[in-house]
Amino acid sequence: MSNELLTIIEYIGQNRSISRETLIKALENAILSASRKSIHPASELEIKIDPPTGTIKAWATLEVVDHVPMNSDQIVLARAQERFPEVQVGDKVKWEVTPSNFGRIAAQAARQNFTQALRQAEKENISNEFSSRLGQILFGTVRKIDNLGNVLIDFQKAEGILPVREQIREEKYSHGDHINALLLKIDTNTSGPGLTVSRSVPDFVARLFEREVSEIHEGVVTIKGIAREAGKRTKIAVASSDPRVDPVGACVGIRGARVRRITEELGTEKIDIVPYSDNIGEYVSNALLPAKVQSVEIDEAKHELRVIVKEEQSKVAFGRKAQNVRLAGKLVGWTIKLCDETSKERAPSIEEQMKIAAGKLAETLGIDAGDAEKLVAAGFVTVDGLKAADKETLAAVADIDADALFAALDNLD
């Protein structure tokens with residue numbers, strides 16, 4: 001048994017990156033659990049495996065008594081003094097109780113209990129290995145995609161899961177793909193993968209910038225804020241502690257090399273890098289880029305910003321499906337109300353602007369108001385935008401009367 005046992009320990013240790021000491025301890029616990037009653041019914045029992053030889057021995061802690069033992073936790077004085085001449089009544093001794101057939105018992109224990117003990121040892125090993133890497137990017141290989149769409153990833157020393165909710169919706173994953181993901185959580189209590197990772201959280205983009213931009217890694221350039229709609233667009237605000245270093249230029253890199261590597265990692269996701277400012281008016285103007293802001297009115301009590309733009313800049317500031325203004329609001333942490341110069345007296349909210357746009361579409365095309373609202377929510381806020389779209393794209397907008405819409409557009413021509 002000893003040679004076979006050592007071979008198993010060496011093999012598992014090398015293939016699963018678990019230390020020899022951890023494996024031996026796990027096997028000792030497994031044998032103890034399986035053979036407690038069969039080797040000795042003492043309440044204090046321990047199993048010891050000699051690492052160099054693989055020899056297994058069982059030891060019980062027994063109380064020394066001067067009469068016939070009343071239970072299995074006791075040993076008579078005369079017998080105890082055969083091994084420990086100085087022992088007295090009331091002392092406790094460790095007494096070897098290894099049975100002659102212990103090799104068979106140990107083999108059975110290894111088969112029945114070692115898998116569970118090994119799994120727990122692996123979980124502890126994962127915790128020790130990855131606890132310092134929480135919030136950092138891990139590199140792995142896609143092992144499989146389960147029936148629910150979760151991606152199981154091999155990180156060499158551990159298995160991770162990229163749940164559907166943490167994926168970028170537009171991405172497709174296949175077996176064998178190399179993948180980067182942010183370590184969100186380590187769970188050593190679950191029976192499944194011990195690591196949970198994400199590609200959709202804002203911090204994933206932040207860590208990509210830290211990896212690509214040496215000035216961020218060195219602390220010269222700081223990420224002051226980040227707002228993200230995964231797979232679509234991210235706005236990131238940066239500042240420099242050195243007046244000689246342009247924070248936006250440092251992130252973009254020579255000929256856009258640095259930011260290009262990040263966008264290649266994220267696929268079609270657009271990245272807006274804007275300079276941070278302590279002046280909230282200047283900050284929101286930067287956050288709304290590429291739109292040009294005329295002025296900003298600040299309502300401290302409501303934590304609200306009334307941003308005025310020229311009429312021709314309104315569409316750019318608003319963005320497709322209100323994405324630009326929505327991300328800008330998340331980035332600066334204020335409510336933003338946009339209005340153009342012709343409507344300074346009142347700054348409608350994003351929802352109000354979408355309702356106004358839907359009303360104009362319904363009136364111009366003579367279509368149902370509900371259909372107009374669905375079109376605006378899908379990003380079609382003007383008649384020109386509808387005309388420029390192909391029919392398949394418009395027909396894909398859920399629950400609209402596509403025939404009525406096409407007929408209305410044909411009538412305009």
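This section covers the salt bridges, surface charge, cysteines and backbone geometry of the structure.

The model is predicted: local features need pLDDT of at least 70, side-chain atom pairs count only at pLDDT 80 or more, and totals for chains, interfaces and linings use all residues. Residues are numbered from 1 along each chain as its sequence is written, and side-chain values use heavy atoms, with hydrogens and water left out.

A salt bridge here is a side-chain nitrogen of Lys or Arg within 4 Å of a carboxyl oxygen of Asp or Glu. Burial is given as relative accessible area: buried is under 20%, exposed is over 50%, and partly exposed lies in between (1.4 Å probe, protein chains only). The areas come from the Shrake-Rupley method, and for residues only the protein chains shown count as cover.

E297 and R306 form one of these bridges, with their closest N and O atoms 2.7 Å apart. E297 is partly exposed at 38%. R306 is buried at 16%. Shared partners also join salt bridges into a network, made up of E46, K48 and K94. D242 pairs with R244 at 3.0 Å, N to O. D242 is buried, with a relative accessible area of 18%, whereas R244 is exposed at 75%. R165 and E166 meet at 3.8 Å, N to O. Here R165 is exposed at 63%, and E166 is buried at 12%.

Negative charge also gathers on the surface. D368, E373, D401 and D403 form a patch of it. Patches are made of residues with over 30% relative accessible area and no salt bridge; like charges are joined within 9 Å, and nonpolar side chains (Val, Leu, Ile, Met, Phe, Trp, Tyr) within 5 Å. Asp and Glu count as negative and Lys and Arg as positive, while His and the chain ends are not counted. Each charge is placed at NZ of Lys, CZ of Arg, CG of Asp or CD of Glu. E373 lies in helix 13, residues 369-377. Helices (H or I, at least four residues) and strands (E, at least two) are DSSP runs, numbered from the N terminus.

L412 belongs to helix 16, residues 402-412. Its relative accessible area is 35%, so L412 is partly exposed. L412 and K387 are 25 residues apart in sequence, and their C-alpha atoms are 9.8 Å apart in space.

How many disulfides does the structure hold? The count is zero, with a disulfide taken as a pair of cysteine sulfur atoms within 2.5 Å. C251 is buried, at 1% relative accessibility. C339 is buried too, at 3%.

Most residues other than glycine have a negative phi, and most peptide bonds are trans. The bond from L289 to P290 is cis, with omega near 15°. P290 sits in the loop between helix 9 (280-287) and strand 13 (293-299). K321 is not a glycine, yet has a positive phi of about 55°. The loop that holds K321 runs between helix 10 (314-318) and helix 11 (323-332). A322 lies in the loop between helix 10 and helix 11 as well. Phi of A322 is positive, near 65°. K321 is partly exposed at 37%, whereas A322 is buried at 0%.

Notes. Accessible areas come from the Shrake-Rupley method with a 1.4 Å probe; for residues, only the protein chains shown count as cover.
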